[in-house]
Amino acid sequence: LWPTRPVAQLPPGSSQAPVDDKSGVSQGLQPPPVAPSGSSAQKTPPPSEHPLQPSLQQQPSDSRPQEQHPSAAPKPEAPSERAAPAPLPPNQQSAKPLPQPSGDASSPSKDKELPQQPTQAPSTPPAGEKPPAARKTPEKPVEVAKLHVTAPTVVYRSTQQGSWEWIHRNLTPLLGMQELVVPEGFAAFLSASDGVPLQLFPHTRVRLPQKWPPGESPLFVQEGQVVILAPGQQKIQLRMKLGPLDGQLVLVSPGAAVVCQVKYERPLGSDLSTQQALAVVRLYCVHGTLLWIDSQGNQFQTSKGGQILLRVDQPPQVESQAPTLSSQPLAQLDELQRQGAEKLHRIFSEELTPESEKDVETLLREIATEHRNIEVRYLALVHLAELGVLDPLIDALADPRYQTGNFWEKLLDYLYAHASFSSEVAQQVRQIMIEQFGREVGQRAFRLLQGYAVQALKNPDIAQEVLVDLQHSELAVRRLALWMLKRTTGETNTSYNPHRFSPRGVQEWRRRLERLRRTHAGK
């Protein structure tokens, strides 16, 4: 349900069309008054893909593979889809003439003079050939948006050094080509330089365009959920990249609002190391009318309550009545997670001061291992993973403290989603598991994380392997085996407890797997 707040707060005298009382978008994050101005985007060829960077220590680079994903991995200056995040691409460059060779002689010593070298004239290309391209210098990044803080928030911003910093001050300027990560437990509100408001939900990663409005470089939503509003009487047209899909988003009517959601799906049991997850993009119209123009020029339009569903493997679908996407960024948090977010923000405020020498990664690692509250440690682990640092989360799979509130299951849910982003991130997860648990146990742990299709569990040999995993000496393997079985079979009510082993719980799952084999016999 949409809150009763208006879509956007506009300055007195602005002529926005009336907004339905269900079209509000923010939970405690209201757009500040802005002076709207027109915005438009040019049609340009789609940009290259940029995978997410897997580590905070990775330095920016020009070369990037195409179409690879969250988070995670991944991630310095400009990650791409949610997999090992990658560095930001260099800014566009301006032409600079080549230096002309000097005709002066070199005189290294007063005692011995060297003969003067003849002056060399600049070489000219043979007739019919093009002159060599001039050297270029990077363009200075320009401000494209501001962060508006109306509640305690944690937002991470990529730096030119390939690391991350915490931004939280009201009206912080955001520069072109910077990447923003809004982690679990928090939301963010931005206003573009032309007054267009944007709201970023938890678990959202975006790369800002080089200039606003987005033209040659798009507003890139790599994963997560972003709400975009059309203030005043503006018709907003933005060049956007939603996961792997490129096109133009047009908010046709005044006061129109759209929720852009980018998620990744993977069939149960599919190979994490070789098969890419499928990006599923939903454009849900909260108010007014929206239009999507894809990279081939095809147009798809819907109005309030409808959605445009985009997938790489299927043609676009337009639904006039679609399931509502939540407009409350923090609605999915339970009470423990809310408390954890408040405590984590308080720690950041105390520790990440201008005088402190700690960086974001160092502080999060300390919190993940030393803080007394499990909900705070859990958030620190997830934040690290969203910034491409995975080893603390994988190590926590063997930590018995995370049984409270089933935080270990939440960690596995997140790790699976993260590994599904790209084969590169999946290989990173596999390697860390081998390093931390040993080759044999690490490979088995990764196989359980990948999971099995229901059809595979009908095989008596595979079923027996999983039953043995439920009795494994390593806590991480027992947790993974139970998590995989519950996810694959849909059975959630179980007496098996990976922290307090009992033969009764194993026998219960043996009977369930036998029943599954009989139920699917012949299928």
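**View 1. Gln 431 counts as partly exposed, because its relative accessibility is 36%.** Partly exposed sits between buried, under 20% relative accessible area, and exposed, over 50% (1.4 Å probe, protein chains only). Gln 431 is part of helix 6. Helices here are DSSP runs of H or I with at least four residues, strands are E runs of at least two, and both are numbered from the N terminus. From Gln 431 to Asp 391 it is 40 residues in sequence and 9.9 Å in space, C-alpha to C-alpha. A quick note before moving on: this is a predicted model, where local features need pLDDT of at least 70, side-chain atom pairs count only at pLDDT 80 or more, and totals for chains, interfaces and linings use all residues. Residues are numbered from 1 along each chain as its sequence is written, and side-chain values use heavy atoms, with hydrogens and water left out.

**View 2. Helix 6 (residues 423–437) crosses helix 7 (residues 439–450) at roughly 140°, with the axes coming within 7 Å.** Helix 6 is therefore oblique to helix 7. The axes are lines fitted to C-alpha atoms, for helices over the stretch in contact, and angles run from 0 to 180 degrees between N-to-C directions. Under 35 degrees counts as roughly parallel, over 145 as roughly antiparallel, 65 to 115 as roughly perpendicular, and the rest as oblique. On the helix 6 side, the contact includes Ala 426, Val 429 and Phe 437, and on the helix 7 side it includes Val 441, Phe 446 and Leu 449. Contact means heavy atoms within 4.5 Å. Sorted by class, the contact of helix 6 with helix 7 has nine nonpolar, two polar and two charged residues. For that sorting, Ala, Val, Leu, Ile, Met, Phe, Trp, Tyr, Cys and Pro are nonpolar, Asp, Glu, Lys and Arg are charged, and the others, Gly among them, are polar.

**View 3. Helix 1 (residues 335–351) packs against helix 2 (residues 360–370) at about 135°, their axes 12 Å apart.** That angle makes helix 1 oblique to helix 2. Helix 1 passes helix 2 in a right-handed crossing. Leu 344, Ile 347, Phe 348 and Glu 351 from helix 1 meet Leu 363, Leu 364 and Ile 367 from helix 2. Six residues in this contact of helix 1 with helix 2 are nonpolar, none is polar and one is charged.

**View 4. Strand 8 (residues 188–192) is largely enclosed by the rest of the structure, because five of its five residues are buried.** Ala 188, Leu 190 and Ala 192 point one way, while Phe 189 and Ser 191 point the other way. Strand 8 pairs antiparallel with strand 3 (residues 143–148) over four bridges; strands pair if DSSP finds at least two bridges between them. Phe 189 stands opposite His 148 in that pairing. Strand 8 also pairs antiparallel with strand 9 (residues 197–200), over four bridges, and there Phe 189 stands opposite Gln 199. Four residues lie between the strands of this hairpin of strand 8 and strand 9, where Gly 195 takes a positive phi near 95°.

**View 5. Strand 14 (residues 257–265) pairs antiparallel with strand 11 (residues 219–229) over six bridges.** Val 259 in strand 14 is the bridge partner of Val 227. Strand 14 and strand 15 (residues 278–287) also run antiparallel, joined by nine bridges. Here, Glu 265 stands opposite Leu 278 in strand 15.

Conventions
A crossing is left-handed if the near helix is turned anticlockwise from the far one by less than a right angle, and right-handed if clockwise.
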